[in-house]
Protein chains: 2
Amino acid sequence: MFTLSEENYLKTIYHLGLNSEIGVSTNEIAKKMQTKASSVTDMIKKLSDKDLVVYKKYKGVKITDFGRNTAANIVRKHRLWEVFLVEKLNFSWDEVHEVAEQLEHIKSPKLINELDALLGFPKQDPHGDPIPDKEGNYHPLEKKLLATLSIGEKGICIGVNDSSSEFLQFLDKQKIALGNQIKVLGKEPFDDSIQIQIANRELSVSNKIASNLYIKIHHGS
Amino acid sequence: MFTLSEENYLKTIYHLGLNSEIGVSTNEIAKKMQTKASSVTDMIKKLSDKDLVVYKKYKGVKITDFGRNTAANIVRKHRLWEVFLVEKLNFSWDEVHEVAEQLEHIKSPKLINELDALLGFPKQDPHGDPIPDKEGNYHPLEKKLLATLSIGEKGICIGVNDSSSEFLQFLDKQKIALGNQIKVLGKEPFDDSIQIQIANRELSVSNKIASNLYIKIHHGS
DNA sequence: ATTATTTTTTAGTCTTATCTAAAATAATAT
DNA sequence: ATATTATTTTAGATAAGACTAAAAAATAAT
């Protein structure tokens, strides 16, 4: 078994290394974890001793298959707990993360499998992120630009393409925030504007806006 | 907030001090927590610094009102999680303790209040122990050990003294469950075993068993 | 190619929670 | 009342995980 600290470092390395072939740098980890590079080096050695990562001095770390599997299992627990909090305990999407950070470290295979069943084996968490299965496999998130969605599709606003302050200020003014659930109500062929429902309001946004907003697709309920 | 270790010590002191006016001794705590007396002394000082207990050298500790409240809140969480595990996640009563020991340290008032509501504000955990309310108050059960009942007395099995999984599994094997109606048919002076009627079966149980089963007495009819 | 800068590692310190061994105090027995 | 025994505390050590400051290695700039 691993300590709380080991699990948190491993999880960070897992996330940072997801979309890159090369190793994750010490500084990257330190920045993400709000700690010092020297602390990271210390911990990396421990993770390496436990075969969770491969470490070469000054070359960063690469997660092993074993490490990836272990990390995916922690992520699985985190996201299942998030679903539980939203679906069963009336949490809103922005309240769940902190509590899930604690719950993800609870050790009990039976607990997490039964929880999975209670929730009806969900495939995504409240933020639209995929939930790994017991083997650590999952379907990577489908991320689309709002402009490419069809009528009826819904999802969650997760990022912007153009991160200029004008655009971000516009989003603020329209009360469009990261994490907001968005549903496409209609599309206007004349100017390619899009009618959306967001946070219980209806809104029409221009094609330019819609081409700069990333949406995580929500399948099913 | 308190560390995991502090919470565990406090909980032990709370339980050990429940039925006594005098302080809880260092050795008592050490024995219960499977640790050394010197470690207990160290921790006691920390708890004292945080006003959770009153400590006088060589005189043991007494829990403060603040400490009792804090401990009761941990116990509340422990027992609510136990109910959750049994009611919602198909755990049996002998499987819940270990997991609840982990879950009781999760920090989120909203989580525990919502969990309470989800479970319908239960008053007892799966072992029959009372669940403190938010203020730390609870109604202690009017209960007797089976071993102390006289012939003819009857009641309902509502709790256990020893909640080790061996004992709980034994009860399961004998099909003795919480809520079962029990009547004392006879007592054997030779070995102090007791003949009981339970769920339409007749059964002889040893004195050791009878000394670990709590019965709520059925007065009248 | 040799500086300069940035990144990473090492070395040493601190805190928390544990331990062992020894000293201090309390309780018990004669 | 004093000696013996048991309990509790202190002192010093260890391991995990964090830190600071300085050294070493890699990267970037001239």
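Predicted model: local features only at pLDDT ≥ 70, side-chain atom pairs only at ≥ 80, totals over all residues.
**Sheets and domains in chains A and B**

Let me begin with chain A, where an open sheet of six strands has the order β3-β8-β4-β5-β6-β7, with antiparallel pairing. At its edges lie β3, residues 143-145, and β7, residues 201-205, of chain A, each of which pairs on one side only. From one strand to the next, the twist averages 45°.

Which residue of β5(A) does A:Ile156 stand opposite? The residue standing opposite A:Ile156 in that strand is A:Gln181.

Stepping back to chain A as a whole, the domain assignment gives domain 1, covering 4-63, and domain 2, covering 143-217. The C-alpha centres of domain 1 and domain 2 of chain A lie 36 Å apart.

Turning now to chain B, we find an open sheet of six strands in the order β3-β8-β4-β5-β6-β7, with antiparallel pairing. The edge strands of this chain B sheet are β3, here residues 144-145, and β7, residues 201-205, and each pairs on one side only. In chain B I would draw your attention to strand β4, residues 154-160, and strand β8, residues 213-217, which run antiparallel and are joined by five bridges. Taking one residue as an example, B:Ile156 has B:Lys216 as its bridge partner in β8(B).

Methods: Residues numbered from 1 in each chain as written. Chains lettered and ligands numbered in written order. Heavy atoms only, no water. Pairing = 2+ DSSP bridges. Helix = DSSP H or I, 4+ residues; strand = E, 2+ residues; numbered from the N terminus. Axes fitted to C-alpha atoms, helices over the stretch in contact; angles between N-to-C directions. Domains from an automatic or database assignment.
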